[in-house]
Amino acid sequence: MYEDSWYSLVPDHIQKKTTPTTQPSGHRRRESLLQQPNGSKQSGDNEPLERLLEEPESSIGPPEPTLIPRAKSYSDFYHVVRAQLAKDATKKKRRRPKTRGLDALVITNPEDNLPPPKFSPSRSTDAGLVDASQEEYMLYRDQLQMTERHLDRLVTDANGALDLLTSLANDFRAVEAQTSSFQAQCDHLLSEERRLQKLADEVGTDLHYYAYLDGVSRRLNAPGASRLVNHENFGEILTNLDACIEFMVKHPDYRDAESYLARYQSLLTKALHLLEVGFSGHLEQTSSEISKQILGTQSEAARHALAYGRSEQMLLEADGLIANVQRVIRNCYDQFGHPIPGENFNTYSNTAVNLFSTYSDMRDRSLRPITQHDLDAFRKEAQGPNPESACRNFIKQSYERSFNEGGLFSKLFGIELQFDHDTQSAYAALKGQHKALVNVANLAPIATTLQPILQATNLQTTCNFLGWVTNEYLLLEYDEEETQYSIHCHELTARLLTEHLWPFVDSSFEAEVTKSISKAPVLADSLKVLPVTNNVASSNAYPIVKHALELLALYDQAMPKERSQKSSPVVFRLVTDTIMALQRAEARLKTFKAANPDPDPDLFMIKNLLILKNGLMSLEIGDVRAQPATMQYFGQIWDTLSPQNWMGLFRGILGGSLSLGLWSSMSNKGAAATAKPGANRAQAQADQDANEKLDELLRQSIYAFTQRWGTLLNGARSGKRGQQNAAATEKELDNRLSVAFGGQPEVIAKLKEAIYMNAQAQKEVKAERGAR
């Protein structure tokens, strides 16, 4: 606005303030500093310019330096620059005052001190104005240029780094291409090294199985080799011998494999023999001491303590020997005595059998005074009035001894012996040791002791004893807690009954059937049908049938349900022999020739066959009674005979279109007819069910009875000469049925109905024949 020379007149102390004059507000034009006041005199001395009342203009220099935050990425760089520019603009606003008016300058004699004004050309003034107006934008431009230079430098550095990395990658590829063959050779050398190392290990391992022979041979053949069995090292010898034998068996093509295998097996046999000798010596020492102590006392409690408490303590003192014995046993048997197949099973099992035999002999000798005393006491008690009680006490005593022996056996050999059908099992090996001492596997002494006593008693006592054993030990109550002893007794009872007592009872029943039924004579007095007494249906039955019912009830009492079914051989034999006895009696009755015989053979058969059939039905349901009050299953029996078809069957049989054999249910009659001559009769009977044979005989007897009485009724009703009248005939029929089936109105009604049906069928057949 003014020339530079004018501004040079302003002294240095212009910034010092003088008393300011009051300036009007707003944008009113200030008075010129060069104008003199009117009518005023100026002093001769010029006063210095002390202060410009107008604030100096804001600096147009570069902005204050600030730290621009570095952009995180190219994406937010624009926002960072814009925020910085806004911040700078705010600072500049704060510096620039709102009022830009200049206060009046107090200048004394300006014309003496100021040079003449010099005005700059208009071109420089315009440029200055343009620069002042564009100052802020120039700042933005400078910052952008600086940023652009920075980014260009970054791009240049990145391109240089990429070029360097590309060069390095190319160099690495070149090196890799040059060293690939070398790397392949190194890999091949490493794999060859591993192969050779593995081969060396295998050779060293295989060599061990050969080198072990000399060392173990010297140890087992040394003078004190028998002492090895008392130490743990003996178990290691057995393990190593097993491994060597297994190796030679797997590699038979190796050099001298067969020779080494034979030598290792020989050494294993020798080692096991040393164990047997050591174990036998230990048992002998224990047995001699225990036997002396048992013989020296008569107290039952002291003998029991010596037999099991002291014996266990002395046997287990040689812990090293017992551990080696258990190792041998577990090499051929598992925890429960089942065989474990292996290469050396036969060798170990033979040793185990020898160990079991030695132990059984030792226990049998040691406890012989106790067992003999118990047997003598049992036989003495059995000769008394109550042999059943003696048998029960003997069973309890034997079970307790077996339980104690089983516990000692388990602690000594390390296995819990259980029943097994396998002949190679530990149970089979111990069962083969026939000793007098009862143990888990040896139950024969119990059976051989009981059978003579039971055989001398009656069959009722035997069945009562078997029923007690079954209910006491075989059948557990629902609220009874299972213990080790109860489980042990359950297993012993199952084997004792299955292997010994049930076959013994079956043979006893068969002997009784042969004696009292098969070979029973037919007496004339026993053939009479007497009236029923006390309304008991079987009271007037044939004595053999009564005895058969008693045997059925006894057998059902002694046996469980699955063994007392009608398919049981004993039950079948009982029924068939009873039927044969009835047929013999029927044949005897039929020898009396009469039109209306008394007793009636058909009614005799119907009466006894129905009672026997009712007994079989009771046996199947499980309610067998020796003397049933009524035939409670007559309805089922009658329905089985199919009475609804009887009218047509009667007419077919009477008319000749059907035969009586076709009416019966003999399903195997054809097979029996085609049997070879001389074939066993019992075999032919066994092919037929007892129920079917009973049904067949019942149908035949019912047909013969109804046919004869139907003929009598028809003759009486027709008024033939020599015939009774109908009322007398029916009265006689009622009397005979009442005598035979007193107290059984249902049976009488069904039989009379069948007689009337047969009589009606005879009339119809006769009418048809007359019409022809």
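**Group meeting: rings, helices and salt bridges**

Hi everyone, let me start with the rings: there are 22 aromatic pairs here, counting Phe, Tyr and Trp (its six-membered ring) when ring centres lie within 6.5 Å, with planes under 30 degrees apart called stacked, over 60 edge-to-face and the rest tilted. One of them is Tyr209 with Phe247, a stacked pair at 4.2 Å centre to centre and 10° between the planes. That pair joins distant parts of the chain, since Tyr209 sits in helix H5 and Phe247 in helix H6 (residues 233–250), 38 residues apart. Helices here are DSSP runs of H or I with at least four residues, and they are numbered from the N terminus.

A quick word on the model. It is a predicted one, where local features need pLDDT of at least 70 and side-chain atom pairs count only at pLDDT 80 or more, while totals for chains, interfaces and linings use all residues. Residues are numbered from 1 along each chain as its sequence is written, and side-chain values use heavy atoms, with hydrogens and water left out.

Helix H12 covers residues 387–413. Its 27 residues should span 39 Å at 1.5 Å a residue, the expected span being 1.5 Å times one less than the number of residues. The end C-alpha atoms of H12 are 38 Å apart, which agrees. Just after H12 comes Gly414, with a positive phi of about 75°.

Now back to helix H5, which runs over residues 135–220. Which residues make the nonpolar surface patch of about 530 Å²? They are Leu162, Leu164, Leu165, Leu168 and Phe172. A patch takes residues with over 30% relative accessible area and no salt bridge, joining like charges within 9 Å and nonpolar side chains (Val, Leu, Ile, Met, Phe, Trp, Tyr) within 5 Å. Phe172 lies in H5 and is exposed, with a relative accessible area of 59%.

On to charges. Side chains of opposite charge can pair when their charged atoms come close. The structure holds 19 salt bridges, each a side-chain nitrogen of Lys or Arg within 4 Å of a carboxyl oxygen of Asp or Glu. In one of these, Glu192 meets Arg195, with the closest N and O atoms 2.5 Å apart. Why are Glu192 and Arg195 separated by about one helical turn? Because they are 3 residues apart in helix H5. An α-helix has 3.6 residues a turn, so residues three or four places apart point the same way. Both partners are partly exposed, Glu192 at 27% and Arg195 at 46%.

Another bridge joins Glu586 and Lys590 at 3.3 Å between the closest N and O atoms. Here Glu586 is buried at 13%, whereas Lys590 is partly exposed at 45%. Asp600, Asp602 and Arg708 form a network of salt bridges.

Finally, cysteines. How many disulfides does the structure hold? The count is 0, taking a disulfide as two cysteine sulfur atoms within 2.5 Å. Cys332 is buried at 0%, while Cys186 is partly exposed at 27%. Thanks, everyone!

How values were computed: Accessible areas come from the Shrake-Rupley method with a 1.4 Å probe; for residues, only the protein chains shown count as cover. Helices (H or I, at least four residues) and strands (E, at least two) are DSSP runs, numbered from the N terminus. Buried means under 20% relative accessible area, exposed over 50%, partly exposed in between (1.4 Å probe, protein chains only).
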